[in-house]
Amino acid sequence: KILSNNSPNDVDLKDNYMVLHIGSSHEYPIRSLGVNNWQKLINEIIKNYPVKIIFIGNEVEKNIINKIINGIDNKLIKRVINLAGKTSIKQLIKLIFFSEFVISSDSGPGQIAGIMSKKQIMLFGSTNHTLANPINANCIKIYRQYECSPCYESANYYNCPYNNKCMNEISIDTIIQTIALINNRSFKKTQINGDFVERCFRENL
C-alpha cells in the first residue's frame, strides 16, 4: 500500500493539499498523536475535504508515517503522499507556503507555518502552549489540561507514566471541528470533547 516512490516533484503546488507533520523525530510518540489517531484523522480529513495529504518530516519520521499510511482506507490512499526524508529545507518551506492548511504538533515546521501566517492547527501536550504557540492569527491550538502537563524538561517527559495521555486523549472529532473554525474570525476559545481549543494569536481580530 505504501507509495514509496513519491518525491517533491510529484506535488502540483496548484493542487489543494494539506501538510501534516507528526513531529517528535527520534522521541516519538512524545509530543505527537499515536499512529492509530493519525490514521483516524487522515481518513476523516479525506472523507470531509477535497484535499490531498502531504506528510513532511525527517528520515526517522518517514518510517512512522509509513505505518500510519498502512492504516488508511484503500479507496483514499492515492490522496496521501509521504515526503518525509525526501525534501530539502527549501522544498519543505515551499510545500508549506503553497499549502491550504497545516496540522502539526509543536514542531519546527509548525512554527514555520506560523511565521508564514498559514491556516494551521497546532497540537500541544508535553510542551507549554502559552510559550510555544505561533504568533499567527490563522492558527488554532488544541490542548488538554492535566496537572502533569506541560512536562517538558522534567523526568516525566522521556518516561511518561500516563501513556502520553495529554496527546493521546485529544479527540479526532475535535480536530475535524477545529478545521471549520479557522475562517471564523470572531472565534477565540471554546472546549470540545474535553479539549481546549483556542486561537493562537488574537491581536487585530
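In which direction, left-handed or right-handed, does α1 cross α8? Let's start there. It's a right-handed crossing, where right-handed means the near helix is turned clockwise from the far one by less than a right angle, and left-handed means anticlockwise.

Quick housekeeping before I go on. This is a predicted model, so local features need pLDDT of at least 70, side-chain atom pairs count only at pLDDT 80 or more, and totals for chains, interfaces and linings use all residues. Residues are numbered from 1 along each chain as its sequence is written, and side-chain values use heavy atoms, with hydrogens and water left out. When I say helix or strand, I mean a DSSP run, numbered from the N terminus: H or I of at least four residues for helices, E of at least two for strands.

Back to the helix pair. Two packed helices are described by the angle between their axes and the distance between the axes. For α1 and α8 the angle is about 35° and the axes are 10 Å apart. Those axes are lines fitted to C-alpha atoms, for helices over the stretch in contact, and the angles run from 0 to 180 degrees between N-to-C directions.

Who touches whom? On the α1 side you have Asn37, Lys40, Leu41, Glu44 and Ile45, and they meet Ile172, Ile175, Ile176 and Ile179 of α8. Contact here means heavy atoms within 4.5 Å. By class, that's six nonpolar, one polar and two charged residues. For the classes, Ala, Val, Leu, Ile, Met, Phe, Trp, Tyr, Cys and Pro count as nonpolar, Asp, Glu, Lys and Arg as charged, and the others, Gly among them, as polar.

Thr174 is buried, at 0% relative accessible area; buried means under 20%, exposed over 50%, and partly exposed in between, with a 1.4 Å probe and protein chains only. Leaving aside neighbours within four places in sequence, Thr174 is in contact with Ile142, Ile192, Asn193, Asp195 and Val197.

One of those contacts, Asn193, is worth a stop. Most residues other than glycine have a negative phi, and most peptide bonds are trans. Asn193 has a positive phi, near 55°, and lies in the loop between β7 (189–192) and β8 (195–199). Asn193 counts as partly exposed, at 43% relative accessibility.

Ser117 is another one: phi is positive there too, near 60°. As for the peptide bonds, have a look at Ser149 and Pro150, which are joined by a cis one with omega about 0°. Pro150 is in the loop between β6 and α6.

Now α4 itself. Which α4 residues are buried? Pro109, Gly110, Ala113 and Gly114. Seen down the axis of α4, the buried residues fall within an arc of 150°, so they line one face of the helix; the arc is that of the directions from the helix axis to the C-beta atoms. The buried residues of α4 pack against β1, α3 (89–98), β4 and β5 (120–123).

Last topic, salt bridges. The rule is a side-chain nitrogen of Lys or Arg within 4 Å of a carboxyl oxygen of Asp or Glu, and by that rule there are six.

Take Asp106 and Arg31, with their closest N and O atoms 3.7 Å apart. This pair links distant parts of the chain, 75 residues apart: Asp106 is in the loop between β4 (101–105) and α4 (108–115), and Arg31 in the loop between β1 (17–21) and α1 (35–48). Both Asp106 and Arg31 are buried.

Then there's Arg144 with Glu169, at 4.0 Å. Arg144 lies in the loop between β6 (139–143) and α6 (155–158), and Glu169 in the loop between α7 (165–168) and α8 (172–181), so the pair ties together parts that are 25 residues apart in sequence. Arg144 is buried at 17%, while Glu169 is partly exposed at 38%.

And Lys189 meets Glu198 at 3.9 Å, N to O. Lys189 is partly exposed at 47%, whereas Glu198 is buried at 12%. Shared partners also join Arg144, Glu169 and Asp195 into one salt-bridge network.
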